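Me: I want to learn how to read metal and ligand sites in a model. Can we take one case and work through it?

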Amino acid sequence: AKTQGKDAYAMFEPSMRQGFDREVMWRAELQQALQHSALHVVFQPIVTLAGRRVAGVEALARWNHPHLGVVPPDVFIPVAERAGLIGDLGLLVLRRACAEFASWPGSQTAYLSVNVSPSQMLDASFPSKVAATLYEAGLRPGQLVLEVTENALADESEVIGALRRLREFGIRIAIDDFGTGYASLRYLHRFPADIVKVDRTYVQDIARDPAAVHILGTLWQLFGAIGLTAVAEGIEDQAQAAMLMDLGCRVGQGFLYGRPGPLSAITTEPATADQS
Ligand code: C2E
Ligand code: CA
Ligand code: CA
Ligand code: CA
């Protein structure tokens, strides 16, 4: 097997070797970052569109590398998954997010939403790890939402089982990036989920594509009928917000309401509350 491995390596094109070396470099760097807990979390508000009340906050992982600068999660999350580090990374993020959230005044009225990779849930002890983390932070299960992409739900029965256990415990589940993956509408009502987050590509389309408006309007009715709370992602301007409200959308998230940042920057009362 050793010689085979050697031969395989010799077959690499210079560019592939470079890619391989880069992957090895990323893994080592990420391992170091995890050892030194060099990852942190920023938060983005999830608001009611009409009153701009903060309904929840989404925790988003950040890695500020001493030499490479800020590495975006779209880069380091896949690296962590391939390197088998996503379990440790995910737990670190969850712990950080819960600890910060617990000492934030808004935690009494808003929920905490945390992203979870499907591979994290293949670990049979994941639900009990989440429960332990909540307990350590002094949070109730009802204060936590876990976000999973619809692809994770498509065929993994282990993932579905883990989600069921988490929900029995009182944690809510959100289907993230809805409409970008392979999930079929036929199975939507069978997913153990409470919230559905409609991907921002749909929100972007409504301004220029009349058909997209019909699709979204119909989707919102469907979500309501099967008991899912819908959240629109990536709302960047007031025109989008107005159209979404016309379609019956009540909760959303996007740069219009706040960019990801420190939790202390998010206030649960509208700034103009005492003037109105
Ligand atoms: P996501 O879960 O769909 O998170 C939303 C992403 O959209 C965030 O990017 C956010 O900054 C960005 N965003 C929010 N509002 C707007 C808007 O109005 N316009 C535009 N153009 N973008 C907006 P971010 O923080 O770079 O995260 C990218 C992705 O990385 C996330 O997408 C999520 O899939 C993944 N990710 C981030 N943190 C974690 C984590 O702790 N665990 C896991 N498994 N994945 C994570
Ligand atoms: Ca998300
Ligand atoms: Ca999303
Ligand atoms: Ca995403």
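Reply: Start with the metals. The calcium ion (ligand 3) lies 3.9 Å from the calcium ion (ligand 2), and Asp 176 coordinates both. Asp 176 is in strand β6 (residues 172-178) and Glu 233 is in the loop between β8 (229-232) and α11 (238-246), so the pair ties together parts 57 residues apart in sequence. Strands (E, at least two residues) and helices (H or I, at least four) are DSSP runs, numbered from the N terminus. This is a predicted model: local features need pLDDT of at least 70, side-chain atom pairs need 80 or more, and totals for chains, interfaces and linings use all residues. Residues count from 1 along each chain as written, chains are lettered from A and ligands numbered from 1 in written order, and side-chain values use heavy atoms, without hydrogens and water.

Me: Is Asp 176 buried or exposed?

Reply: Buried means under 20% relative accessible area, exposed over 50%, partly exposed in between (1.4 Å probe, protein chains only). Asp 176 is buried, at 7%. Glu 233 is buried too, at 12%.

Me: What is the distance from Arg 200 to ligand 1?

Reply: A polar side-chain atom of Arg 200 is 3.2 Å from a ligand 1 oxygen. For Phe 255, a backbone N or O atom is 2.8 Å from an oxygen of ligand 1.

Notes. Donors = N, O, S within 2.8 Å, 3.2 Å for Na, K, Ca; no water. Polar contact = N/O pair within 3.5 Å; in protein donor to acceptor, adjacent residues only side chain to side chain.
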